[in-house]
Amino acid sequence: MRFQPTISFEQYRNTCRAVAAAKAKRVHRRSWKENVVLVVGCLVLGLAPQVPVARVPAFTLYAVMILCWIFSKPLAKRSQDRCFRTIYSEEQETLNSQVLTIDESGISCDQANGQATSHQTWQAFVKRIDMPDAFVFLPSPNSFIRVPKEILPSSDRELIWQWSSTVPTGDGR
């Protein structure tokens, strides 16, 4: 099967989030120095309200920390969306001008009217993410090939699912 998929900003953003969610999370190990600083900081913040002179500054610090915690999530999401929008605007022409050819051997991608061609066998993909609107295949942890489901008949979707059955799955939610 051969087709030219297109991708909107929302689809791009959701795909990037699914790719990020599918990555293995690294466990950050703190050094003993960081642990000592953390313990001392917690003791100071825990004991400061007990001292009358430090009570007002401690509660002020608590309030500032709570406000930072409350506003950090929406601000981080807004910043991430702006970053995604910038990258999408730079890559939009390339993303929407590629032609995909999918068969039992893998996925071939022709970009920019034949100026760049790639072929990935099914064994070359490190992960497959099944999203509600697309199949997403990862040739590396930071790149993806998105195959939209809406332009495929159900028989072609089943073939793609069968051909890619050897690719490890990732959680795209």
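1. A residue is called buried under 20% relative accessible area, exposed over 50%, and partly exposed in between. The model discussed here is predicted. Arginine 17, at 26% relative accessibility, therefore counts as partly exposed.

2. Arginine 17 forms a salt bridge with aspartate 81, and their closest N and O atoms are 2.7 Å apart. Arginine 17 belongs to helix 1 (residues 9-22) and aspartate 81 to helix 3, so the bridge ties together parts that are 64 residues apart in sequence. Aspartate 81 is also partly exposed, because its relative accessible area is 21%. Side chains of opposite charge can pair when their charged atoms come close.

3. The whole structure contains four salt bridges. One of them joins the side chains of arginine 2 and aspartate 110, at 3.6 Å from N to O. Arginine 2 is in strand 1 (residues 2-3) and aspartate 110 in strand 3; the two are 108 residues apart, and the pair links distant parts of the chain. With a relative accessible area of 55%, arginine 2 is exposed.

4. Another salt bridge is formed by the side chains of aspartate 130 and lysine 149, at 2.5 Å from N to O. Aspartate 130 sits in strand 5 (residues 127-130), whereas lysine 149 is in the loop between strand 7 and helix 4, 19 residues apart. Aspartate 130 is partly exposed at 26% relative accessibility, while lysine 149 is buried, with a relative accessible area of 12%.

5. Helix 4 (residues 154-163) has Asp156, Ile160 and Trp163 as its buried residues. Viewed down the helix axis, these residues fall within an arc of 70 degrees, so they line one face of helix 4. The face turned away from that buried side carries the exposed residues Glu158 and Gln162. The cover over the buried residues of helix 4 includes strand 2 (99-103), strand 6 (134-140) and strand 7 (143-148).

6. The largest nonpolar core has 15 residues, and Ile102, Ile107, Trp122, Phe137, Val147 and Ile160 have the most contacts inside it. At least two residues of this core come from each of strand 2, strand 3 (106-111), strand 6, strand 7 and helix 4. Leaving aside neighbours within four places in sequence, the contacts of tryptophan 122 include Ile102, Ile107, Phe137, Ile160 and Trp163.

7. Isoleucine 70 lies in helix 3 (residues 55-96). Its relative accessible area is 42%, so isoleucine 70 is partly exposed.

Conventions. Residues are numbered from 1 along each chain as its sequence is written. This is a predicted model: local features need pLDDT of at least 70, side-chain atom pairs count only at pLDDT 80 or more; totals for chains, interfaces and linings use all residues. Side-chain values use heavy atoms; hydrogens and water are left out. Helices (H or I, at least four residues) and strands (E, at least two) are DSSP runs, numbered from the N terminus. Buried means under 20% relative accessible area, exposed over 50%, partly exposed in between (1.4 Å probe, protein chains only). The arc is that of the directions from the helix axis to the C-beta atoms. Contact means heavy atoms within 4.5 Å. A nonpolar core is a set of buried Ala, Val, Leu, Ile, Met, Phe, Trp, Tyr and Cys residues joined through side-chain atoms within 4.5 Å.
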